[in-house]
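Subject: Two-chain model, with notes

Hello,

Here is the structure I said I would pass on. Please open it first and keep it beside the notes below.

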Amino acid sequence: MTAEELYPILSRFAESQGIRLNKDREFVLDILRGLLTNELRYGYRSCPCRLAWGTKDKDKDIVCPCVYRDPDIKEYGSCYCELYVSPEWNEGKIEHRQVPERRPKEKRKM
Amino acid sequence: MAPSKNKKIKLYTLSTCSHCLKTKKFFNDAGIEVDITDVDLLTGAERERIMDEVRKLNPDCTFPTICIDDKVVVGFNEERIRKALGE
């Protein structure tokens with residue numbers, strides 16, 4: 001699968017959940033390429049913005065969509081990667097700020 | 001941009017990360033030479049050694065970690081990068 005093929009699938013998925021993909025399509029395609037690279041590398045779509053352990057058991061919280069996505073969108077309007085965002089974030093109604101890492105330190109590959 | 005060119009700049013990045021790509025593009029477009037390490041592409045002892053460097057600069061070990069001389073910028077934040085470059 002290519003990033004271009006994955007794009008409409010995840011776009012529909014996001015809309016079905018009341019959220020959106022970042023309206024910057026080229027930026028999103030870069031993220032999707034990273035996701036697909038990780039899928040080939042590890043066998044699952046590990047978050048491309050985080051260093052994976054490489055075993056699903058240790059990375060299950062960061063398989064996209066990660067478990068931190070919803071609280072991050074609620075608090076900041078976007079997920080850590082800025083892949084999934086709220087409609088308000090896309091419309092520029094809320095400030096775009098760097099989302100701090102919510103994944104607990106003990107779970108991170110350090 | 002001239003003063004930036006005398007600075008020692010290291011980027012610790014992930015090859016898959018779009019914020020890291022933006023960071024690489026920023027320096028490339030500005031014509032500023034940087035030393036780039038994609039940590040996810042390293043293995044074994046080499047990765048451990050590089051992660052030790054990242055940990056000292058950014059205890060959160062998040063990416064990109066950008067080191068401009070003695071200043072550290074975490075994440076792609078153009079304003080902070082420009083400030084660290086002395087612009």
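The notes take the chains in turn, then the contact between them.

This is a predicted model: local features need pLDDT of at least 70 and side-chain atom pairs count only at pLDDT 80 or more, while totals for chains, interfaces and linings use all residues. Residues are numbered from 1 along each chain as its sequence is written, and chains are lettered from A and ligands numbered from 1 in the order in which they are written.

Chain A

Chain A has five helices and two strands; helices (H or I, at least four residues) and strands (E, at least two) are DSSP runs, numbered from the N terminus. Along the sequence the order is α-β-α-α-α-β-α. The radius of gyration of chain A is 13 Å, close to the 13 Å that the globule rule gives for 110 residues, so chain A is as compact as a globular protein of that length. That radius is taken over C-alpha atoms, and the globule rule is 2.2 Å times the number of residues to the power 0.38. The C-alpha trace of chain A spans about 40 × 30 × 20 Å along its principal axes.

Of the 110 residues in chain A, 35% are buried. A residue is buried if 20 or more other C-beta atoms lie within 10 Å of its own, exposed if 12 or fewer, and partly exposed in between, with C-beta atoms placed from the backbone.

Helix H4 of chain A covers residues 69–76, and its buried residues are Arg69(A), Asp72(A), Ile73(A) and Tyr76(A). These residues sit on the same side of H4(A) because they cover an arc of only 100° around the axis, the arc being that of the directions from the helix axis to the C-beta atoms. An α-helix has 3.6 residues a turn, so residues three or four places apart point the same way. Pro71(A), Lys74(A) and Glu75(A) are exposed on the face of H4(A) turned away from the buried side. Strand E2 (84–85) of chain A is included in what covers the buried residues of H4(A). Just after H4(A) comes Gly77(A), with a positive phi of about 90°.

Chain B

Chain B has three helices and four strands, in the order β-α-β-α-β-β-α. A compact globule of 87 residues would have a radius of gyration near 12 Å, and chain B agrees with its 12 Å. The C-alpha atoms of chain B fill a box of roughly 40 × 25 × 20 Å, taken along the principal axes. Buried residues make up 37% of the 87 residues in chain B.

Four of the five residues of E1(B) are buried, so this strand is largely enclosed by the rest of the structure. E1(B) pairs with strand E2 (residues 35–38) of chain B in the parallel sense over four bridges; two strands pair if DSSP finds at least two bridges between them. Thr13(B) has Asp38(B) in E2(B) as its bridge partner. E1(B) and E3(B) run antiparallel and are joined by four bridges, with Leu11(B) partnered by Ile66(B) in E3(B).

E3(B) also pairs with E4(B), in the antiparallel sense over four bridges, and Cys67(B) stands opposite Val72(B) in E4(B). The two strands E3(B) and E4(B) form a hairpin with two residues between them, and Asp69(B) in the turn has a positive phi of about 50°.

Between the chains

The contact takes 14 residues from chain A and 16 residues from chain B; two residues are in contact if their C-beta atoms, placed from the backbone, lie within 7 Å. On the chain A side there are seven nonpolar, four polar and three charged residues. Here Ala, Val, Leu, Ile, Met, Phe, Trp, Tyr, Cys and Pro count as nonpolar, Asp, Glu, Lys and Arg as charged, and the others, Gly among them, as polar.

The largest nonpolar core has 42 residues, and those with the most contacts inside it are Cys49(A), Cys81(A), Leu83(A), Tyr84(A), Leu14(B) and Ile68(B). Such a core is a set of buried Ala, Val, Leu, Ile, Met, Phe, Trp, Tyr and Cys residues joined through C-beta atoms within 7 Å. H2(A) gives the largest share of this core, four residues. Leaving aside neighbours within four places in sequence, the contacts of Leu14(B) include Pro48(A), Cys49(A) and Leu51(A), as well as Val39(B) and Phe63(B).

Regards
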